[in-house]
Amino acid sequence: AAELYHKATEQDHGLAQYRLGTCYANGSGVAKDEVKAEKLFENAAEKGIAAAKAELKRLNRKRR
């Protein structure tokens, strides 16, 4: 799934950016990388994906 999401993110697809971000956040199908996850969530949030906005808030809370 991560491979397909990656291809879709190259097309600037917001939902795919969110889903690939969750893959990176959880280490599902890719090496866990919260920096990549955050960037993908930011891109998705800019496109109006509410779940991505929620994940950004969660990551920020986790860092405190």
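Ground rules, for my own record. This is a predicted model, where local features need pLDDT of at least 70 and side-chain atom pairs count only at pLDDT 80 or more, while totals for chains, interfaces and linings use all residues. Residues are numbered from 1 along each chain as its sequence is written, and side-chain values use heavy atoms, with hydrogens and water left out.

Fold. I find four helices and zero strands, in the order α-α-α-α; helices are DSSP runs of H or I with at least four residues, strands are E runs of at least two, and numbering starts at the N terminus.

Overall shape. The C-alpha atoms fill a box of roughly 35 × 25 × 15 Å along the principal axes. I checked the radius of gyration too: the protein has 11 Å, in agreement with the value near 11 Å for a compact globule of 64 residues (C-alpha atoms; the rule is 2.2 Å times the number of residues to the power 0.38).

Aromatics. My search of the whole structure turned up one aromatic pair. Tyr-18 and Phe-41 sit 5.9 Å centre to centre with 40° between the planes, so I log the pair as tilted (centres within 6.5 Å; under 30 degrees is stacked, over 60 edge-to-face, the rest tilted). Tyr-18 belongs to helix 2 (residues 14–26) and Phe-41 to helix 3 (residues 34–46), 23 residues apart. Tyr-18 counts as buried at 18% relative accessibility, and Phe-41 is buried at 0%.

How values were computed
Rings of Phe, Tyr and Trp (its six-membered ring) pair if their centres lie within 6.5 Å; planes under 30 degrees apart count as stacked, over 60 as edge-to-face and the rest as tilted. Buried means under 20% relative accessible area, exposed over 50%, partly exposed in between (1.4 Å probe, protein chains only).
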